[in-house]
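Here is a friendly tour of the structure shown below. Please keep the viewer open while you read.

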Amino acid sequence: MKYGIVYAYWSKDWEGDYISTIKRAAKCGFDVLEIFTPGLLEVSGEKLKELRKAAQEYNIEFTFLVGLSKQYNIASPEGTIRREGISYVKKLLDVVHKLGGKCFSGINYCAWSDFEGYDRKQEYIQNSICSLKEIGRIAQDYDISYNLEITNRFENFLLNTAREARAFVDEVDNPNVNILLDVFHMNIEEDSFYDAIVTAGEKLGHFHVGQNNRRNPHPGDMVAWKLVADGLKKIGYDKRITLEPLVKTGGTVSRDSNIWRDMTNGAEEVMMDQNVMEGLKFIRSLMEK
């Protein structure tokens, strides 16, 4: 098992200074740093090499996130938009490959927070499946797990539960097109953490953890953490678990994720590190029992 932290935990924006955060993630005991992919398309080849070298130096693996915009909606009924989206995603996968990435996740199967077409859900699903059959071949060539993040009803209408996701990826029928489940979203949409994880089964390609209010994971009665761990152990999950606490306001992260109040409790940077190390320790302890 590898344990990761999302870059945006320390930043109010999705993108920024990855090299200093590589060092910080390593210092806090993480194996993985999860970063937002779109801005990397504007980064020079030399800078990409510098990023990869820094990650290797600190023994940090990159994993990658995206939330497709409306103009790149690969589920759109408009053929031109779908083609633009497929072309765009191929470019993202190329960057992921250049950085040695094996895990590309997010709302990468439709448009993030765009609800046009909600009343034509099955049409959008079939469009997305068709697009992913093509994209999946590229992911296979690069040996990248293309993980569909299953989010709550307030972020997309296409896939909200593990059952929907499993039926979807089974129809895509590509070993590299998988599922990302996230405790925050599951807490809203699922009836059972355990059952959802078991439903995803061997198609669970990535897993996000955080509290019900997006703070660092910790013991308590708001999340059934034992059932989460039991489900992961039942399916023999041994890939990557990323902590995804989103706690800062005033930037693109809070705008896109609806974080309207300071969730850090005024923590200074040293305490931010301490808090996330406690979260990592807690999740490790669950999985190692």
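## Helix pairs

Helix α1 covers residues 18-27, and its packing angle with α2 is about 10 degrees, with the axes 10 Å apart. Axes here are lines fitted to C-alpha atoms, for helices over the stretch in contact, and angles run from 0 to 180 degrees between N-to-C directions. Helices (H or I, at least four residues) and strands (E, at least two) are DSSP runs, numbered from the N terminus.

A second pair is α7 (residues 193-200) and α8 (residues 225-234), which pack at an angle of about 20 degrees with axes 8 Å apart. That makes α7 roughly parallel to α8. On the α7 side, F193, Y194, I197 and V198 take part, and they meet L227, V228, D230, G231, L232 and K234 in α8.

## Reading the model

This is a predicted model, in which local features need pLDDT of at least 70, side-chain atom pairs count only at pLDDT 80 or more, and totals for chains, interfaces and linings use all residues. Residues are numbered from 1 along each chain as its sequence is written, and side-chain values use heavy atoms, with hydrogens and water left out.

## Helix α3 and its neighbours

Helix α3 spans residues 79-98, 20 residues in total. From first C-alpha to last it reaches 29 Å, close to the 28 Å expected at 1.5 Å a residue (the expected span is 1.5 Å times one less than the number of residues). After α3 comes G100, with a positive phi near 75 degrees.

Which residues of α3 are buried? They are G85, I86, Y88, V89, L92, L93, V95 and V96, where buried means under 20% relative accessible area, exposed over 50% and partly exposed in between (1.4 Å probe, protein chains only). These buried residues pack against helices α2 (45-57) and α4 (121-142), and also against β3 (61-67), β4 (103-107) and β5 (145-149).

The largest nonpolar core has 95 residues, and Y146, L148, L181 and F207 touch the most other members. Such a core is a set of buried Ala, Val, Leu, Ile, Met, Phe, Trp, Tyr and Cys residues joined through side-chain atoms within 4.5 Å. Leaving aside residues up to four places away in sequence, L148 touches several residues, including L132, L159, F168 and I179.

S145 is found in strand β5 and is buried, with a relative accessible area of 15%. Beyond residues up to four places away in sequence, S145 touches K102, C103, F104, N176, N178 and G205.

## Loop residues

Most residues other than glycine have a negative phi. N59, which is not a glycine, has a positive phi of about 55 degrees. N59 lies in the loop between α2 and β3 and is exposed, with a relative accessible area of 64%. N265 also has a positive phi, near 60 degrees, and sits in the loop between α9 (252-257) and α10 (269-288).

H218 is found in the loop between β7 (204-209) and α8. H218 is partly exposed, with a relative accessible area of 38%.

Methods
Contact = heavy atoms within 4.5 Å. Parallel < 35°, antiparallel > 145°, perpendicular 65-115°, else oblique.
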